[in-house]
Amino acid sequence: MSSQDRNKRIAMAALLAALALIFSYVEAMIPSPVAIPGVKLGVANLVILIALYQLDFKYAIAINLVRIVVSGLLFSGVFGILYSLAGGMLSLIVMWLLKKTGLFSIIGVSMAGGVAHNIGQILVASAVVSDLKMFAYLPVLMFSGIISGILIGFLCHYVMLALKMDK
């Protein structure tokens, strides 16, 4: 990879990290349409999916880490960072592995990422409170992860089409 290509990738990663942070801020300001704790659309994951498909796994990790740490420090605190790190990293790894197989559409990859994100958060919540009863909440979160993953996947598909990006 040439120096110019590398510089373009770094600049795009910085822009995507800023965009993910803006999306996190906007989502934090909007009240949840459902009264179920922990359920949200996860619009910032749109940016992570684009990074995964347009850059690579290394850049997607960096963007995700920057977004999680900065938005956690600004909006949710240490526990928010802890939950987001667990969910975000597990989600990204699952999406990367599924993408590598070539067997799943971007919508399927996104849906699996939404479910994995919620599983990661339940694992941390269960460890923090030392109670496996937290897993009783998992079906609700898995359902919300499927729905939000599908929505974000469709949105990502159409954004990438509109911007003429490769998948």
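Predicted model: local features only at pLDDT ≥ 70, side-chain atom pairs only at ≥ 80, totals over all residues.
User: Where is K133 found, and is K133 exposed or buried?

Analyst: K133 is found in the loop between α4 and α5. Helices here are DSSP runs (H or I, at least four residues), numbered from the N terminus. For accessibility, buried means under 20% relative accessible area, exposed over 50%, and partly exposed in between (1.4 Å probe, protein chains only). K133 has 67% relative accessibility, so K133 counts as exposed.

User: How do I read the packing of two helices, say α1 and α2?

Analyst: Two packed helices are described by the angle between their axes and the distance between the axes. Axes are lines fitted to C-alpha atoms, for helices over the stretch in contact, and angles run from 0 to 180 degrees between N-to-C directions. Here the axes of α1 (residues 3–29) and α2 (residues 44–54) cross at roughly 165 degrees and come within 8 Å. So α1 is roughly antiparallel to α2, a label for angles over 145 degrees. The crossing of α1 past α2 is left-handed, which is to say that the near helix is turned anticlockwise from the far one by less than a right angle.

User: Which residues of α1 and α2 make the contact?

Analyst: Contact means heavy atoms within 4.5 Å. From α1 you get R9, M12, L16, L19, A20, F23 and S24, and from α2 you get A44, L46, V47, I50, A51 and Q54. By class that's 10 nonpolar, 2 polar and 1 charged residues. Ala, Val, Leu, Ile, Met, Phe, Trp, Tyr, Cys and Pro count as nonpolar, Asp, Glu, Lys and Arg as charged, and the others, Gly among them, as polar.

User: And how do α1 and α3 cross?

Analyst: Their axes come within 9 Å and cross at roughly 35 degrees, and this crossing is right-handed. The α3 side of the contact includes Y59, I63 and F75. By class, the contact has 13 nonpolar, 2 polar and 3 charged residues.

User: How many residues of α2 are buried?

Analyst: 9 of its 11 residues are buried, so α2 is largely enclosed by the rest of the structure. The buried residues of α2 pack against α1, α3 (57–101), α4 (106–129) and α5 (138–162). Take A51 in α2: at 0% relative accessibility, A51 counts as buried. Neighbours within four places in sequence aside, A51 is in contact with L16, D56, A60 and I63.

User: Which residues have the most contacts inside the largest nonpolar core?

Analyst: A nonpolar core is a set of buried Ala, Val, Leu, Ile, Met, Phe, Trp, Tyr and Cys residues joined through side-chain atoms within 4.5 Å. The largest one has 27 residues, and L49 and I63 have the most contacts inside it. Each of α1, α2, α3, α4 and α5 supplies at least two residues, and α2 gives the most, with 9. Leaving out neighbours within four places in sequence, I63 is in contact with A13, L16, A17, V47, I48, A51 and L55.

Terms used:
Residues numbered from 1 in each chain as written. Heavy atoms only, no water. Parallel < 35°, antiparallel > 145°, perpendicular 65-115°, else oblique.
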